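Subject: Structure handover

Hi,

Here is the structure I promised to pass on. Have a look at it first, and my notes on what turned up follow below.

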Amino acid sequence: MKLALTGYKPTGAPHLGNYLGMIRPALELAERHEALYFIADYHALTTVTRGREVNDLTYQAAATWIALGLDPEKKALYRQSDVPEVCELAWILACSTPKGLLNRAHAYKAAVDTNHLRGRDADAGVSAGLYYYPVLMAADILLPGADIVPVGLDQQQHVEFARDIAGHFNSVYGPILTIPEPLIDERVATIPGIDGRKMSKSYNNVIPILASFEQLRKSVMGIVTDSRRPEESKDPGTDVIFQLYSHVAPDGAVDEMRAGFEHGGMGYARAKEELFAVLVEMFAGQRERYRDLIADRAELDRLLFAGAERARARGEPILARVREAVVGRR
Ligand code: TRP
């Protein structure tokens, strides 16, 4: 049976883009495969610098995944920082990884480009951790020997790097590491945010899913539209409300909204109300479950520690072979 692995970086409250782009596909995949899920708290350190905040966000992420359907008694859910072997493997991998590979990482290149535009030194404000990020991510994937990594489109390059990093290691030391495959759900490659750009915490344009009704309402009503009146026809292909609705509403309702946009008769205010209603309904049970879970950190810890034990048990024999190869003993 193939092993799927999914990591989630805890840098803000999970939003609709996270859910449609990665959480839902990852949970669906788990029905057919063995699966490991983890909260990548050490990855969050490149942007979140207060420990307490990392800790709070990690619990929120764990409670979200469980509320949304991950059964932690059946599948392992763990914190990256509870599996210290990941960091050990990351260093070893770094030593057979060409530095030039990391120069090509999108996130690093974007930081360098911004610096150029502002006339600053190429690496100004870039931590070695940001640069090394793909190596840590490769270690997450390669330690337990994952075969499949379901990710959003923005993480495709990172999974390809993990393949390259495993390939470089294997070419030096022999075929020890499993080469993983990225799995990208094409249907939901990019979910637009309320301003029309890709939904992302860093653009501050997200629709939170398990937040209060007021917050959910505020974000849906805040979707940016033009000034066309209800009776005017609109292009559903480019409309953010319709795009989001088509991912969450039943087919019949989606057809109705499409017709209303194309032929006129569907105003933006009404379309937003309909989107809001579907989202309230879609996450009703989960919102309650989330509230219970987040209030019981001792129980979350119990589940997370048990998950970490399972992940470590999978990684142990692989790390033993790696250590044997690189330092000549287990
Ligand atoms: N980098 C991913 C993100 O930003 C999170 C992540 C860390 C991850 N390690 C991983 C995803 C391993 C998949 C597999 O969301």
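Let me start with a term: a residue is called buried if its relative accessible area is under 20%, exposed if over 50%, and partly exposed in between, using a 1.4 Å probe and protein chains only. The model is predicted, so to speak of a local feature a pLDDT of at least 70 is needed, side-chain atom pairs count only at pLDDT 80 or more, and totals for chains, interfaces and linings use all residues. Residues are numbered from 1 along each chain as its sequence is written, and side-chain values use heavy atoms, with hydrogens and water left out.

**Strands**

Helices (H or I, at least four residues) and strands (E, at least two) are DSSP runs, numbered from the N terminus. In strand β3 (residues 76-79), Ala76 and Tyr78 point one way while Leu77 and Arg79 point the other way, and all are buried. In a regular strand, side chains alternate between the two faces of the sheet. Strand β2 (residues 34-39) runs parallel to β3, and 4 bridges join them; two strands pair if DSSP finds at least two bridges between them. Arg79 in β3 has Ile39 opposite.

**Ligand**

A residue is near a molecule or strand if one of its heavy atoms lies within 4 Å of it. There are 13 residues around the ligand, and His43, Tyr133, Met137, Asp140 and Gln155 come nearest. A ligand nitrogen atom is 2.7 Å from an N or O atom in the side chain of Tyr133. The side chain of Asp140 also has an N or O atom 2.7 Å from a nitrogen atom of the ligand, and for the side chain of Gln155 the value is 2.9 Å.

**Cavities**

A cavity is a set of points, on a 1 Å grid over the protein atoms alone, where a 1.4 Å probe fits but cannot get out; lining residues have an atom within 4 Å of a point. Grid points are joined across faces, edges and corners, and a volume is the space filled by probe spheres set on the points. The structure holds 2 cavities of 30 Å³ or more. The largest has a volume of about 50 Å³, and its lining includes Tyr78 and Asp140.

The second largest cavity has a volume of about 40 Å³. Among the residues lining this second cavity are Tyr133 and His158. Helix α7 (128-142) is one of the elements that supply at least two lining residues there, and α7 gives the most, with 4 residues.

Happy to talk it over!

Key: 1 Å grid on protein atoms, 1.4 Å probe; cavity = no way out; pocket = protein on both sides within 12 Å on 5 of 7 lines; lining within 4 Å. Polar contact = N/O pair within 3.5 Å; in protein donor to acceptor, adjacent residues only side chain to side chain.
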